[in-house]
Amino acid sequence: MKVIVTGGAGFIGGNFIHYMLENYKDYEICCFDFLTYAGNVETLAPIKDNKNFSLVVGDIADRDAVYSLFEEQKPDVVVNFAAESHVDRSILDPGIFLRTNVIGTGVLLDACRKYGIDRFHQVSTDEVYGDLPIDRPDLFFTETTPLHASSPYSASKASADLLVQAYYRTYNLPVTLSRCSNNYGPYHFPEKMIPLMIQRAKNNQSLPVYGDGSNVRDWLYVKDHCEAIDLILHKGKVGEVYNVGGHNERSNIEVVKQILRHLGKDESLIEYVADRPGHDRRYAIDPTKITTELGWTPKTGFDEGIAQTINWYLDNEDWTDHILSGDYQRYYEENYKNRAQINK
Ligand SMILES: NC(=O)c1ccc[n+]([C@@H]2O[C@H](COP(=O)([O-])OP(=O)(O)OC[C@H]3O[C@@H](n4cnc5c(N)ncnc54)[C@H](O)[C@@H]3O)[C@@H](O)[C@H]2O)c1
């Protein structure tokens with residue numbers, strides 16, 4: 001089985017490649033990644049000598065590059081993680097989100113049609129559903145909740161989802177989609193809330209919390225997300241959407257305080273800052289479909305997962321320090337300059 005993983009040098013895609021190589025010794029995994037600011041080859045360093053792994057550097061919105069990739073790799077399966085993924089950045093500059101998340105997904109779908117594929121899996125997000133009121137804990141997103149995006153990021157992801165579903169309906173392309181809640185775990189770029197707070201608390205820096213910190217997110221340990229995608233690829237029904245989430249709802253301020261407690265730091269480090277425009281109040285996934293149809297349940301509860309995550313960042317300070325200092329880009333230059341395709 002040959003699997004192309006786009007965006008595999010990012011947070012979830014990187015974890016997914018590690019997971020797949022560990023669990024499927026006979027699968028060949030090719031990571032296709034443009035190595036934007038969010039892509040980090042150091043995340044892939046532990047597997048760079050694995051004979052079943054290769055890295056091709058390229059842009060999913062570049063049709064020629066994607067078609068060459070398909071001609072060379074002849075994939076059976078494509079899992080699309082590649083995206084601009086940071087809501088705050090999408091508010092500052094929406095254009096790149098349209099290019100990568102919408103046009104890029106369209107180019108991948110065209111390549112799948114042209115070259116043939118057993119499965120195209122789109123990694124999407126619960127943010128396409130918009131948000132839920134904080135005072136209605138009885139409400140959850142299901143797969144039939146209408147799309148109602150709030151930010152340019154979530155609007156671009158919702159657009160990509162519609163394209164994927166249209167290619168199924170119009171061309172019978174074998175697709176599946178997953179819409180997952182917020183992930184946390186190793187290899188998370190330190191601009192995102194949990195790694196940012198760990199990093200700053202560790203260094204006794206102030207912890208910027210948006211608004212009053214009451215916004216609620218439904219947290220899932222990244223490995224549980226990888227297992228869900230694995231199940232959808234192997235047992236999921238073509239044309240279907242699966243919501244993925246573990247009923248681990250926490251307000252942002254609760255998460256920040258838990259990180260401070262774990263690190264033995266004082267809550268006086270918390271600094272409330274102006275809220276994000278259009279900030280979604282609450283996300284909460286109903287995972288009944290994936291649980292009943294595919295037997296998926298998350299294995300890692302939040303208390304265990306957050307402790308493991310904090311400890312991972314403490315044990316892997318070099319990984320974060322290299323990002324913050326820009327050294328990971330130098331690392332790429334030094335290690336990979338003359339071999340854009342590794343292990344090929
Ligand atoms: N992080 C979450 O909590 C979360 C939750 C649900 C869904 N998702 C979705 O999962 C996917 C991965 O998210 P993440 O947090 O790992 O993102 P990330 O920002 O950490 O990684 C994105 C990766 O995509 C690559 N990339 C960006 N533009 C590209 C392009 N034009 N061509 C090829 N590669 C490109 C980057 O270099 C990077 O390696 C995204 O599609 C996101 O919408 C994320």
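The structure is a predicted model, in which local features need pLDDT of at least 70 and side-chain atom pairs count only at pLDDT 80 or more, whereas totals for chains, interfaces and linings use all residues. Residues are numbered from 1 along each chain as its sequence is written, and side-chain values use heavy atoms, with hydrogens and water left out.

Helices (H or I, at least four residues) and strands (E, at least two) are DSSP runs, numbered from the N terminus.

An oxygen atom of the ligand lies 2.7 Å from an N or O atom in the side chain of Ser85. A nitrogen atom of the ligand is 2.9 Å from a polar backbone atom of Ile60. At Asn183, a backbone N or O atom is 2.8 Å from an oxygen atom of the ligand. The ligand taken alone exposes 840 Å², and the protein buries 96% of that. Accessible areas come from the Shrake-Rupley method with a 1.4 Å probe; for residues, only the protein chains shown count as cover.

Aromatic rings form another set of contacts. The whole structure contains 16 aromatic pairs. Rings of Phe, Tyr and Trp (its six-membered ring) pair if their centres lie within 6.5 Å; planes under 30 degrees apart count as stacked, over 60 as edge-to-face and the rest as tilted. The pair of Tyr24 and Tyr27 is stacked, because the ring centres are 4.5 Å apart and the planes meet at 15 degrees. Tyr24 and Tyr27 are both buried. Buried means under 20% relative accessible area, exposed over 50%, and partly exposed in between (1.4 Å probe, protein chains only).

Tyr37 and Phe189 make an edge-to-face pair, with 5.2 Å from centre to centre and 90 degrees between the planes. Tyr37 lies in the loop between strand 2 (28–33) and strand 3 (53–57), and Phe189 in the loop between strand 7 (183–184) and helix 6 (193–202), so the pair ties together parts that are 152 residues apart in sequence. Both Tyr37 and Phe189 are buried. One aromatic cluster is formed by Tyr184, Trp219, Tyr221 and Phe302.

Charges also sit over rings (NZ of Lys or CZ of Arg within 6 Å of the ring centre and within 35 degrees of the ring normal). Arg113 lies over the face of Tyr171, 3.5 Å from the ring centre. The charged end of Arg282 sits over the ring of Phe140, at 5.5 Å from its centre.

The loop between strand 7 and helix 6 also holds Lys192. Lys192 counts as buried, because its relative accessibility is 17%. Lys192 and Ser85 are 107 residues apart along the chain, yet 9.8 Å separates their C-alpha atoms.

Tyr187 is in the loop between strand 7 and helix 6. Its relative accessible area is 14%, so Tyr187 is buried. Most residues other than glycine have a negative phi. Tyr187, which is not a glycine, has a positive phi of about 65 degrees. Asn204 also has a positive phi, near 55 degrees. Asn204 is located in the loop between helix 6 and strand 8 (207–210).

Two further residues make polar contacts (N or O atoms within 3.5 Å; within protein, one must be able to donate a hydrogen and the other to accept it, and residues adjacent in sequence count only if both atoms are side-chain atoms). Asp110 belongs to helix 4 (residues 95–115). Asp110 is buried, at 17% relative accessibility. A polar contact of 2.9 Å links its side chain to that of Arg63. Asn40 lies in the loop between strand 2 and strand 3 and is buried, at 1% relative accessibility. A polar atom of the Asn40 side chain is 2.9 Å from the backbone nitrogen of Glu42.
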